[in-house]
Amino acid sequence: MISEFRVLNWRSFERARLFFDRKNLLVGVNGSGKSNLLEALGFLGLLRSFRTARINELVRHEANSFHLRGVWQESGSQSTLEVAVSNSNERLLTVNGGRERSGRDFIRHYFPVIFAPEDMEIVCGAPGVRRRFFDMVACQLSAGYVNILHDYLSALKLRNMLLKSPRKADPAKLEIYEELMAESAAELTLRRSKFIEEFNRMLAAIAPENKETVSVEYHPQCSDGAAAYAEAFARSRRREMEKRTTLTGCHLDDYRFFLGKQAMRGFASNGQNRMAALNSKLAASRMLMQNHGAEKLVALIDDVTGELDQRHQAMFFDTIAPAGQMFFTCTSIPDGGFFKDAKVHNLPL
Ligand SMILES: Nc1ncnc2c1ncn2[C@@H]1O[C@H](COP(=O)(O)OP(=O)(O)OP(=O)(O)O)[C@@H](O)[C@H]1O
Ligand SMILES: [Mg+2]
């Protein structure tokens, strides 16, 4: 668990130092910084925010960079994790004082999962929200997935740079990137299919009593291997040279949520969307606990349990209880035995 946490110039916090227990309650009025603190705990674990991709939103107004430092304790060992990021996106990572060049190992110390009201967007929002969610969980589950996704996105970025350059792109050069992309796209598609199969098994196990189960369908752009991807890239090359961007590939894959046999987007009620999103986060948490051990899961729960009826609350707490560490935000200390042994942190600090 994160035993000690320091923030400097993060969102509304100028400087803060907190000591955490396994179960923590962040209590404060609206706007007191509860979500900001959860976001910081998530950032140190994942090197990205759950709320924004723009670093300058995370840096406190009037400052130029933020700094987060956490002491991660795990059965007998301890690591001090630090990340500093400037408005110009320069990033410095250190583990126990030593510089880490890449984030790939850094993000494997602990695995944060956030539960937040915005999660509903995973089910009913734009396809990009679903892609980001499933990619994030797949990356947390497997370092191999991180590497393949990185290879694919790097080749895609270079191909797009070529398409966007003022001089007309050379088709032979585009083809070089297409070959690289085709290999990693085929591998990604395979891994995504397997991941969604496993995810669906987990989803069904989360709420086995439900008459209609929530499930996810994966719709890749192409499912017949690297050669088929290479052909698809070649086919759309001319149009892409006109549009100056890559219009096919697994950065555009689609995922669809179903309730029973019915597609949820545009049909399901708010409550059904909310429940499907919550169950998806619980399924992800269970997969992470199975893969890496419960100790490594840090559950960040932002304002969601209050919306659940008693049965769903009990199910939620049962599933999340084994997590290595838990943080709950609330405006006043909730009733109920579950929070009896929680450490209370009052905000603003
Ligand atoms: N980069 C920033 N610099 C300074 N202040 C910021 C920055 N980003 C957000 N804030 C401030 O942080 C506050 C919001 O904090 P946060 O979202 O954590 O509140 P909260 O306690 O979760 O509230 P609620 O109960 O309404 O969800 C707002 O007052 C906002 O102006
Ligand atoms: Mg909040």
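Q: Before we start, what should I know about the numbering and the confidence limits?
A: Residues are numbered from 1 along each chain as its sequence is written, and chains are lettered from A and ligands numbered from 1 in the order in which they are written. It's a predicted model, where local features need pLDDT of at least 70 and side-chain atom pairs count only at pLDDT 80 or more, while totals for chains, interfaces and linings use all residues.

Q: How many residues touch across the two?
A: 4 residues of domain 1 are in contact with 4 of domain 2, contact being C-beta atoms, placed from the backbone, within 7 Å. On the domain 1 side, those residues are 1 nonpolar, 1 polar and 2 charged. Here Ala, Val, Leu, Ile, Met, Phe, Trp, Tyr, Cys and Pro count as nonpolar, Asp, Glu, Lys and Arg as charged, and the others, Gly among them, as polar.

Q: Switching to the core: which residues touch the most other members of the largest nonpolar one?
A: Leu41, Tyr152, Val298, Ala299 and Leu300, out of 91 residues. A nonpolar core is a set of buried Ala, Val, Leu, Ile, Met, Phe, Trp, Tyr and Cys residues joined through C-beta atoms within 7 Å. Buried is 20 or more other C-beta atoms within 10 Å, exposed is 12 or fewer, and partly exposed is in between, with C-beta atoms placed from the backbone.

Q: What is Val298 in contact with, leaving aside its neighbours within four places in sequence?
A: Ile2, Leu41, Gly45, Tyr110, Phe111, Pro112, Ala323, Gly324 and Gln325.

Q: On to sheets. What's the strand order in the one with 6 strands?
A: β2-β1-β4-β5-β6-β7, open and antiparallel. Strands (E, at least two residues) and helices (H or I, at least four) are DSSP runs numbered from the N terminus, and two strands pair if DSSP finds at least two bridges between them. β2 (13–19) and β7 (98–100) stand at the edges with a single partner strand each, so one side of each has no neighbour in the sheet. The twist averages 15° from one strand to the next.

Q: How many bridges join β4 to β5?
A: 10, between residues 65–74 and 77–86. His67 has Ala84 as its bridge partner in β5.

Q: What about β1 and β2?
A: They're joined by 6 bridges, with Phe5 opposite Leu18. They form a hairpin with 2 residues between them, and Arg11 in the turn has a positive phi of about 45°.

Q: Which strands does helix α1 lie across?
A: α1 (residues 34–46) lies across β1 (2–10), β2, β4 and β5, running at about 110° to β1. Axes are lines fitted to C-alpha atoms, for helices over the stretch in contact, and angles run from 0 to 180 degrees between N-to-C directions.

Q: Where is the cis peptide bond?
A: Between Leu347 and Pro348, with omega about -5°. Pro348 is in the segment after β14 (343–346).
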